[in-house]
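Thank you all for coming.

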Amino acid sequence: MPAVSKGDGMRGLAVFISDIRNCKSKEAEIKRINKELANIRSKFKGDKALDGYSKKKYVCKLLFIFLLGHDIDFGHMEAVNLLSSNKYTEKQIGYLFISVLVNSNSELIRLINNAIKNDLASRNPTFMCLALHCIANVGSREMAEAFAGEIPRILVAGDTMDSVKQSAALCLLRLYKTSPDLVLMGEWTSRVVHLLNDQHMGVVTAAISLITCLSQKNPEEFKTCVSLAVSRLSRIVSSASTDLQDYTYYFVPAPWLSCKLLRLLQCYPPPEDGAVKGRLVECLETILNKAQEPPKSKKVQHSNAKNAILFEAISLIIHYDSEPNLLVRACNQLGQFLQHRETNLRYLALESMCTLASSEFSHEAVKTHIETVISALKTERDVSVRQRAADLLYAMCDRSNAKQIVAEMLSYLETADYSIREEMVLKVAILAEKYAVDYSWYVDTILNLIRIAGDYVSEEVWYRVIQIVINRDDVQGYAAKTVFEALQAPACHENMVKVGGYILGEFGNLIAGDPRSSPLIQFNLLHSKFHLCSVPTRALLLSAYIKFINLFPETKSTIQEVLRSDSQIRNSDVELQQRAVEYLKLSSIASTDVLATVLEEMPPFPERESSILAKLKKKKGPGAVSTELEEGKRDGGELNGGAERGVDAAAAIASNASTPSPSADLLGLRSAPPVGSAAPSASSLLVDVFSEAGPTAPSGVMDDNFLSDLEPPSETSDSLLVEAPSDSDSAPNSSSFGSEESAPPLPESDELLNKFVCKNNGVLFENQLLQIGIKSEYRQNLGRMYLFYGNKTSVQFVSFTTSVSCPGELQSELNIQAKQVEPQVEGGAQVQQVINIECLADFLEAPLLNIKFRYGGALQNITLKLPVTINKFFQPTEMSSQDFFQRWKQLSLPQQEAQKIFKAKNAMDSEVLKAKLLGLGTALLENVDPNPENFVCAGVIQTKAQQVGCLLRLEPNAQAQMYRLTLRSSKDTVSRRLCELLSEQF
């Protein structure tokens, strides 16, 4: 493209700029500018017509004045006139002025659009590029309406020059980002995709940015780009640095294009075509191999380019999560970066390994680097790197290394940066609870946590340790002894006093037999902290004192004396005064039996969701969308039921009133406690008593609840025992869009539904604005689903509403209640919605989820099929070979059987087949079928109306790459529906 020559340098402009720079004060500058503006205005209004050079010079001066921060209210028409010039420099200045100063609502837009149309039709590549740059820079909806149909034609035309194609691709990308509804590719789709094969690398680089953006919105339309992208990537990766000389950057061939190709492939699942997939795996292996080669240059640009490609390749490997060999190699490569001298590389390595830790294939490989990560946590200078190290320790933790990791995190807490202490405390509390093999270790850990970082221990953490101690008889004595010893420290944090007051008030009698912890010593120890505490803690201690009177009658006179003192019954705080007066009167007039009834031990807490995990997710912020969805995979959360959904467990679940929460599912906790058991098992520790109403104090803390055995629990925020959501909470959001009807389901809804037949967790839907993640679990005929709506933009979603509907007969087959979501979703934030599902009868269709919100004033209306299918209500059933075939013969009526023979869509891997059949929810029966290559399964579908027994037989033929699937059940509609669903999975 031609540049402005020296002879065209506009001396008058240079003199003006020099005068401005030489001004000694702001007033002098304004005076000079006003003088110049008056001169320009007189020139434009003068009778004498200005030539092109003069117009250009004066328009340039106006542009410069505007860039200095002064308003310009004239000269626009002269700039528009420059667009009709045949001189490049004049046309360039006209377009520059318009791009910077002309408002999209200007009256001149029509004239500007006409000038742009003329330049686009001129076939002069220089003028065409200027016009395209102007369209992209202004990017208004009016311009999109005028040119969205013309630019794709220019982009794919055979006679268009390469430089124009680049500009057209990037211009179209800009218009698509501002007005996606106006940029409809339609007939141009395949030709735009084939730009990936263009000989000019610049065209490919520009086109791939456009295709990536379009693919995120319409992946199905552009799925043919996968094979072309793999082909182009293969050519680049296998080329030498001399093959692409114009696009080689410090001995690395086309690094920007390589990164863009790898990013494009992350928009799609692994290729189904075996040849394409093999070629892609080969490319990824080559990239990993090149990372091990000695550098060809010592300059930082060379290593930056290599590492950029490497990290994008690792991101793709993690995205696919299907190649164990590549995942382990990626982990080992990242492990080498953990000790690299470059801080940014260490940070990126830790961040990528956090994601790898959630994969079942690479989790063990990540764990081998535990010592290096611990060292990074202790020695890194950069706080952001230390935070990523803490995140990675949290992600790689499991039962085998929990004690080591928790100990290291506790050790680090003593010197940790204040900015990350609260998050560290929450992580330690969650890990200690999740992987507690014995409760004494858990109690020790939490008390140690309070001692080290008491200021950062939120109420949720100390509430939780109290709940667990109350629910576990075997740890109550140990907890009382431990907390008694902890309170003897001269400097004791207030949170420790709260825990001590509550536990000793409930279980102090268990250690009262030791003379060193006699009742009076316990009371004096607690009371010695009383004057140092805040009002809420003093209120808790007064409740503990009245409990002492019931536990230890010998302390009655001493405690009454304290309650009777002026500092209590005449306290300026009404809460403390009321407690002191009521407790004193109660201890004086109530008989021993009444006192024992009123002040008996707190009952075990019901099991609800963990508020500690909810607080951590809130602390982590909007980036948590994808992390939440990945974390459950290692522990089998990816499958509908997994091996833990046994018949006995299911029978217990049926009568259990509370359904596990997202935190329980997130942490891979599948089993429920036995019926009638008050204490949760070690594997279900994170089930909590907190509901969405928010964290509240244990009921023993408040006087309203201290009579909890005589009165029903309060529903106010003072009560820990929050009731289940009311009907009003469970109703779908009321629509704020008036007459706006729900959109029809998206064309890809069935495909999205099929992705979740054999799994419960993942991303249900994603476009450039919104990501919808899903986690769900099912017990007998009941289910609970958690939807995570993530705002991917920086702009707030307003009037955000969702509704779930059951079309037609589905209303009588499914009972669905959805909790309301917040009407605003901040940019980069995430909101959660809980949906409760009850299966009344077998069903064929799926419920519809409609999401409406306004983004930038435009209504977004999306309808999806909610992935609730009949197999979600399977109860796995174990059978012997004899029982299976006996039942198989009983289900021999033609209508009871559904059979389908179909071609394999994926590689016939027996482990993958097993995982999918387990994910279906049935029990996989080993050594039942005479042919060891076949798979047989059994299960019972639980509905409220009836139970439907199902038997399944899958016969793979590896030689023909075919399957025969046979299903028999006691109901014909169930057999057909299951056969239809399952045949899409292999």
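Where pLDDT is low, the predicted coordinates should not be read in detail.

This is a predicted model, in which local features need pLDDT of at least 70 and side-chain atom pairs count only at pLDDT 80 or more, while totals for chains, interfaces and linings use all residues. Residues are numbered from 1 along each chain as its sequence is written, and side-chain values use heavy atoms, with hydrogens and water left out.

Taken over the protein chain, the pLDDT averages 81, and 85% of the residues score at least 70. Over residues 1–7, however, the pLDDT is below 50, and this stretch has eight contacts in the model beyond near neighbours in sequence.

A nonpolar core is here a set of buried Ala, Val, Leu, Ile, Met, Phe, Trp, Tyr and Cys residues joined through side-chain atoms within 4.5 Å. In the largest nonpolar core, which has 200 residues, Ile116 and Leu449 touch the most other members. Apart from that core lies another, of 62 residues, among them Phe765 and Leu913. Going back to Ile116, its contacts, not counting residues up to four places away in sequence, include Tyr95, Cys134 and Phe147.

How many aromatic pairs does a search of the whole structure find? The search finds 21, counting rings of Phe, Tyr and Trp (its six-membered ring) whose centres lie within 6.5 Å, with planes under 30 degrees apart called stacked, over 60 edge-to-face and the rest tilted. Phe311 and Phe337 form a stacked pair, 5.6 Å centre to centre with 25 degrees between the planes. Because Phe311 lies in helix H16 (residues 300–320) and Phe337 in helix H17 (residues 324–337), the pair ties together parts that are 26 residues apart in sequence; helices here are DSSP runs of H or I, at least four residues, numbered from the N terminus. Phe311 is buried, at 10% relative accessible area, and Phe337 is buried at 7%.

Conventions
Buried < 20%, exposed > 50% of the residue type's maximum accessible area, 1.4 Å probe, protein only. Contact = heavy atoms within 4.5 Å. pLDDT = per-residue confidence, 0-100. Helix = DSSP H or I, 4+ residues; strand = E, 2+ residues; numbered from the N terminus.
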